Amino acid sequence: MEEEIKTHNYSPFTVLVEGNIGSGKTTFLNYFKQQHQNVCALLERVEMWKNCGGHNLLLYMYEDRERWGFTFQSYVQLTMLKQHTFKTNSPIKLMESSVYSSRYCFVEKMISDGILPSPSASVIDEWFKWITSNAFCSVDLIIYLRTSPEVVYQRMRERNRDEEKSVSLQYLSEIHEMYENWLYHKTAFTCQASVLIVNADLDKFAILEEYQKVIPNIFGACL
Ligand code: TTP
Ligand code: MG
């Protein structure tokens, strides 16, 4: 990830695009990147997880969550930190998920499944607390691409990522609950910014209308 040269002193308006696996985060970022020149869209993270020094950590994690869960989530946290601190001249930065969803949804799920032993969870948490309390991760808006587990399960099957072949509807339902509790019911963890809900069950044509609704919130300050 190359850094653009920063020529101003203000930080970009930072939008987290959040939602379950297969909810359409990448599609959302690609759409706004193509439509609007003044957007910096950070997209390459799954590629990084598939190649850490030549190792496909995403694959290893799904093959053996107990053996590789900590390694994988540690690396995810690092790549998210890189994206949060990525410098850009663009006034708007869109991120596909964040250090927050990684901790609140995926690490939390590993803890509740007993996959992540307490000492390992503590190490991730110490990093997480340091990263988030040192103001590297400021957020202005969260867009929650809200889906039903059945819909994302179908999309995931169609997308057919090699690494995700073992991912079940049950797993997606439980990750869905994590997102719901964080961003919809707001009963778990703190919400970092105001949350806009998008009906992301819609197909790729119908969802364009939903995209239009969030434009004023994303571009309000600079249109
Ligand atoms: P997502 O981050 O949900 O990305 P995606 O590309 O599947 O989403 P979209 O279709 O909306 O663009 O997940 C990518 C893979 O990484 C998925 O298999 C879930 C996994 N993952 C974790 O296991 N832990 C994490 O902390 C994160 C962020 C993802
Ligand atoms: Mg994606």
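Thr26 is partly exposed in this predicted model, because its relative accessibility of 33% falls between the limits of 20% and 50%. Thr26 also takes part in coordinating the magnesium ion (ligand 2), together with Glu96. Elsewhere, a search of the whole structure finds 17 aromatic pairs.

**Magnesium site**
- The donors to the magnesium ion (ligand 2) are OG1 of Thr26 and OE of Glu96, at 2.0 to 2.3 Å.
- Thr26 belongs to helix α1 (residues 25-35) and Glu96 to strand β3 (residues 92-96), so the two residues tie together parts that are 70 residues apart in sequence.
- Glu96 counts as buried because its relative accessibility is 4%, under the 20% limit.

**Aromatic pairs of Phe128**
- Among the 17 aromatic pairs, Tyr100 and Phe128 are arranged edge-to-face, with 6.0 Å between centres and 90 degrees between the planes.
- This pair links helix α5 (residues 99-112), which holds Tyr100, with helix α6 (residues 118-133), which holds Phe128; the two residues are 28 apart.
- Tyr100 is buried at 7% relative accessibility, and Phe128 is buried at 8%.
- Tyr104 also forms an edge-to-face pair with Phe128, at 5.7 Å centre to centre and 70 degrees between the planes.
- Tyr104 lies in helix α5 and Phe128 in helix α6, so their pair ties together parts that are 24 residues apart in sequence.
- Tyr104 counts as buried, with 7% relative accessibility.

**Aromatic cluster**
- Tyr100, Tyr104 and Phe128 belong to one aromatic cluster that also includes Phe106, Tyr144, Tyr179, Trp182 and Phe189.

**Arginines over rings**
- Arg67 sits over the face of Trp68, 4.0 Å from the ring centre.
- Arg146 sits over the face of Tyr184, 3.5 Å from the ring centre.

How values were computed:
Residues numbered from 1 in each chain as written. Chains lettered and ligands numbered in written order. Predicted model: local features only at pLDDT ≥ 70, side-chain atom pairs only at ≥ 80, totals over all residues. Heavy atoms only, no water. Donors = N, O, S within 2.8 Å, 3.2 Å for Na, K, Ca; no water. Helix = DSSP H or I, 4+ residues; strand = E, 2+ residues; numbered from the N terminus. Buried < 20%, exposed > 50% of the residue type's maximum accessible area, 1.4 Å probe, protein only. Phe/Tyr/Trp six-rings, centres within 6.5 Å; stacked < 30°, edge-to-face > 60°. Lys NZ or Arg CZ within 6 Å of the ring centre and 35° of its normal.
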